[in-house]
Amino acid sequence: MLRNRHSERVEFDRLVDAVRAGQSRVLVVRGEPGVGKTALLEYVAEVARGCRVVRAAGIESETALAFAGLHQVCAPMLDRLAWLPDPQRVALETVLGLGTSASPPDRFLVGLAVLSLLAEAARERPLVCLVDDVQWLDQVSVQALAFVARRLSAESVGMVFALREPQETGELAGLLDLAIGGLPAEDARELLSSALRGPLDPQVRDRVLAETRGNPLALLELPRGLSRAELAGGFGLPSTVGLPSRIEESFQRRLAPLPGETRLLLLVAVAEQSGEPVLVWRAAERLGIGITAAAPAEATGLVTFGPRVRFRHPLVRSAFYRAASPQDRRRVHAALGAVADPERDPDRRAWHRALATAGLDEDVAAELARSAGRAQARGGVAAAAAFLQRATELTLDPALRAERALATARAKHQAGALDAAKDLLAIAEAGPPDEFRSARCELLRAQITLALSHGRDAPPLLLRAAARLAPLDVRLARETYLDALEAAVFAGSGEGIREAAKAAHGAPPAPEPPHPLDRLLDGLAVQLVEGYAASVVPLQRALAAFRSPDLAPEEVLRWTWLALFAAQNLWDDETFDVIAGRHVQIARDTGTLAGLPLALQSHMCGRVFAGELTEAEPLLKECEAVAEATGTQIAPYGGLLLRAWQGREAEFHTLSESAVTGAVERGEGVALTAAAWASVVLYNGLGRYEDALRAGRQLMDYDYPGQRFVSQWGAAEVIEAAARAGARERATDIWAWLSPLLRATGTDWALGVEARTRALLAEGPAAEAAYRDAIDYLARTRIRPDLARAHLLYGEWLHRERRRGDARNQLRTAHDLYSTMGMAGFAERAARELHATGETIRTHATETSSDLTAQEAQIAHLAQTGHTNPDIAERLFLSPRTIEQHLTRIYDKLMTPPKPPSPPAPP
């Protein structure tokens, strides 16, 4: 029975009412142990009549069992799995141990699958999910449930999480929370009186009330564990022990008088925290405990043995387990490990056996290592790390112990526990001398440095690891060289890129047949060391390998970003489009949502290069949705180019400022260069050439002198800005190194840009011939913005040559192209020039559905292009129910006729 708690009950009543009305709500309940969080969850279950209620509770000993918490939530709804989209269904079946997949499921895809499952179950009747003791749930379950909580909208689903303070809210941070404090003084006094067996001195009563601070469990339990003499003699004396520990001591005193057999049975029930009675009684039988041992325990009111073994409060578990001797704990875990089914529940069996082992035991360590492999296959890297860490502790052989410590460090790194990973690396490095292990330790140390900061510290460490690996594992060494080059590019260090390329150029040759990443490494190293012309053929071979449909999905996901660098460096628009599109498709198909934002940004760049801004806009919205859902931090490369070409200066600067700030924090120097490149495009479109030239300096300064790895992308823009701003010498200097690069690649895109920039610096017939060549070359490509620019620059040149009629033809073509593509800045620049020739351009305002929100506009676009509700839901990390609601609102808005104008006011 709840005492008072009026304001809390109002909050829960509102939550349940909203869920019944078709909405979704989430609440995180925080409070110290014993304050009444579990009782409040019971209140929610009681008032949620007519709703489906599912429960989960964290169990301290199961934090190492991956997806144990998620299994509690999903188990009652597994009959709905068949309704999920196939990638989500396979991911959820894999993590719940109901099936397998080719690779560990992406954790965000698992979260999306749980969202879809809850939404599907709520179609039948509203659903309320109650999750108690979140602080003891396994990490991946918390991540999945927190993902769901952030994406709920209109599914008739309520979620209430109960979290013990002072633990950090972690994954649940930012969700609506409710802090639960102690009872008011009068209610606390009444509750205390109900727990006492006789009268109590008022002064002692006041001390009890002051020290318990209205904590209901403390008010009920502490007096029961103390004698009258203790209460009368100074219960309120100062204590350095916290309230939870004192409650545990009270429980221990109440359980201490129980018979030895009963205490051992309780320890079995505490150690097997699943509450499965069959396991408890089978283990008890092995220990010689009879069924009559349960009665004295149940008489305390602290535990019940029924269909599930339940304790009155989690502190009863922790109190009794801590009070038990190490020998008794090991006996109990040994019994539980012996009765656990090695086929149905091998990981629980392995964990019990590990806790039963006092010394070193290779059999148990090997069993834990196998459990770690199963956890990794399900995507539970944190659980895998826990299994491996215990396996390392139990390993006798020093060399094998060092290898397992390295494997544990790698799993900790994957789970984001970087400090723990570094500590385990020290154990691995302390093993018997082994050059290969030492080299892999150095590689992992470099990868940890890279994870901590994408700055300039990581590339030298990766290069040193690659050099040590070269004579030992050529494949791994070459991958590490490519990692170092990628890290240097991200860091924006011209010197770092050069050093990485020089080291990679001297790497051992690739084994036959060469892998696509081997070809990519060799081609990039040649470009940066021997020169651009020498790299064209090797990079073309690399890109042909990356276009192959036989390339494994994991390789596409891992290396496409650098392959796109190579495609852009070769001005190969067709290959860029193919591999960027495939990158997105494979990220979606495999559910690799953490890598999807980068894939979407690259694909967006390809759409912008082609002038398909209408197609790029929904990609930007999708990218923002994915990044928000997954917490991925990445510079908006495609978004910057999109806003620059659109000429939306205010939006561009908002995006650019946040991108630059984030890039500086992450040490992502290449993002600063991308922002500079996009700035030049924006200002050229607006006709502000001095501003464009200033932005171009940062772009040109990116690369090391003599090496043009990134700066070539925007060099033509800077030449145009310099030519228009009167800095002809600057333009000529850039042209001197850009022209040979463009001619060397030989693509129509490159030759068209080369002719266009050559025309800017030429005069008379030579200029006109170059402009015509540029138009011919670019007309054969899909790069319409560069074709429109050729017409624009040619028209501006013709106007200065006083050939107004010819100029109008070129300017009109440019204006029409830019207007069709939605590139307002350049369209306005063409219109101004046309006006100067004496021609008037009439612009027609386009009516837009301004009543639609940005998300509604995106949903409408996806629906219009043939996507189903489940497709749209998966793209935007929402449930199909939410999409249905959005489409209903969209239809209502679009079908509502506009309001007639108000009649004029009477005179």
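Colleague: Which residues in helix 23 meet which residues in helix 24?

Modeller: This is a predicted model, and in it the helix 23 side is P459, L462, L463, A465, A466, A467 and L469. From helix 24 come V474, L476, A477, T480, Y481, D483, A484, A487 and A488. By class, that contact has 14 nonpolar, one polar and one charged residues.

Colleague: At what angle do helix 23 and helix 24 pack, and how far apart are their axes?

Modeller: Two packed helices are described by the angle between their axes and the distance between the axes. Helix 23 spans residues 458-469 and helix 24 spans residues 474-491. They pack at an angle of about 165°, with their axes 8 Å apart. Angles over 145 degrees count as roughly antiparallel, so helix 23 and helix 24 are roughly antiparallel to each other. Their crossing is left-handed.

Colleague: At roughly what angle do the axes of helix 4 and helix 5 cross?

Modeller: The axes cross at roughly 105° and come within 8 Å. Helix 4 covers residues 86-95, and helix 5 covers residues 107-121. The two helices are therefore roughly perpendicular to each other.

Colleague: Which residues make the contact of helix 4 and helix 5?

Modeller: Helix 4 supplies P87, Q88, A91, L92 and V95. Helix 5 supplies L109, V110, L112, A113, V114, S116 and L117. Sorted by class, the residues of this contact are 10 nonpolar, two polar and no charged.

Colleague: Now helix 32 and helix 33. At what angle do they pack?

Modeller: The angle is about 155°, and the axes are 9 Å apart. Helix 32 runs over residues 637-646 and helix 33 over residues 649-666. That makes helix 32 roughly antiparallel to helix 33. The crossing of these two helices is left-handed.

Colleague: Which residues in helix 32 and helix 33 meet?

Modeller: G639, L640, R643 and A644 in helix 32 meet E651, F652, L655, S656 and A659 in helix 33. The residues of that contact divide into five nonpolar, two polar and two charged.

Colleague: Let's turn to the backbone. Which peptide bond is cis, with omega near -10°?

Modeller: Most residues other than glycine have a negative phi, and most peptide bonds are trans. Here the bond from E512 to P513 is cis. P513 sits in the loop between helix 25 and helix 26.

Colleague: And which residue other than glycine has a positive phi near 50°?

Modeller: That is D133. Look for D133 in the loop between strand 3 (127-132) and helix 6 (139-151).

Colleague: Where is H515 found?

Modeller: H515 is in the loop between helix 25 (494-505) and helix 26 (516-529). Leaving aside its neighbours within four places in sequence, H515 is in contact with R475 and E555. The side chains of H515 and E555 are joined by a polar contact of 2.4 Å.

Colleague: What pLDDT does the protein average?

Modeller: The average is 86, and 91% of the residues score at least 70. Confidence is highest in helix 38 (residues 748-761), at a mean of 97, and lowest in helix 10 (residues 228-232), at 53. Over residues 233-241 the pLDDT is below 50. Beyond near neighbours in sequence, that stretch has 13 contacts in the model. Residues 844-849 are also below 50. Their stretch has one contact beyond near neighbours in sequence.

Colleague: How should low values be treated?

Modeller: Where pLDDT is low, the predicted coordinates should not be read in detail.

How values were computed
Residues numbered from 1 in each chain as written. Predicted model: local features only at pLDDT ≥ 70, side-chain atom pairs only at ≥ 80, totals over all residues. Heavy atoms only, no water. pLDDT = per-residue confidence, 0-100. Helix = DSSP H or I, 4+ residues; strand = E, 2+ residues; numbered from the N terminus. Contact = heavy atoms within 4.5 Å. Polar contact = N/O pair within 3.5 Å; in protein donor to acceptor, adjacent residues only side chain to side chain. Axes fitted to C-alpha atoms, helices over the stretch in contact; angles between N-to-C directions. Parallel < 35°, antiparallel > 145°, perpendicular 65-115°, else oblique. Left-handed = near helix turned anticlockwise from the far one by under 90°. Nonpolar A, V, L, I, M, F, W, Y, C, P; charged D, E, K, R; others polar.
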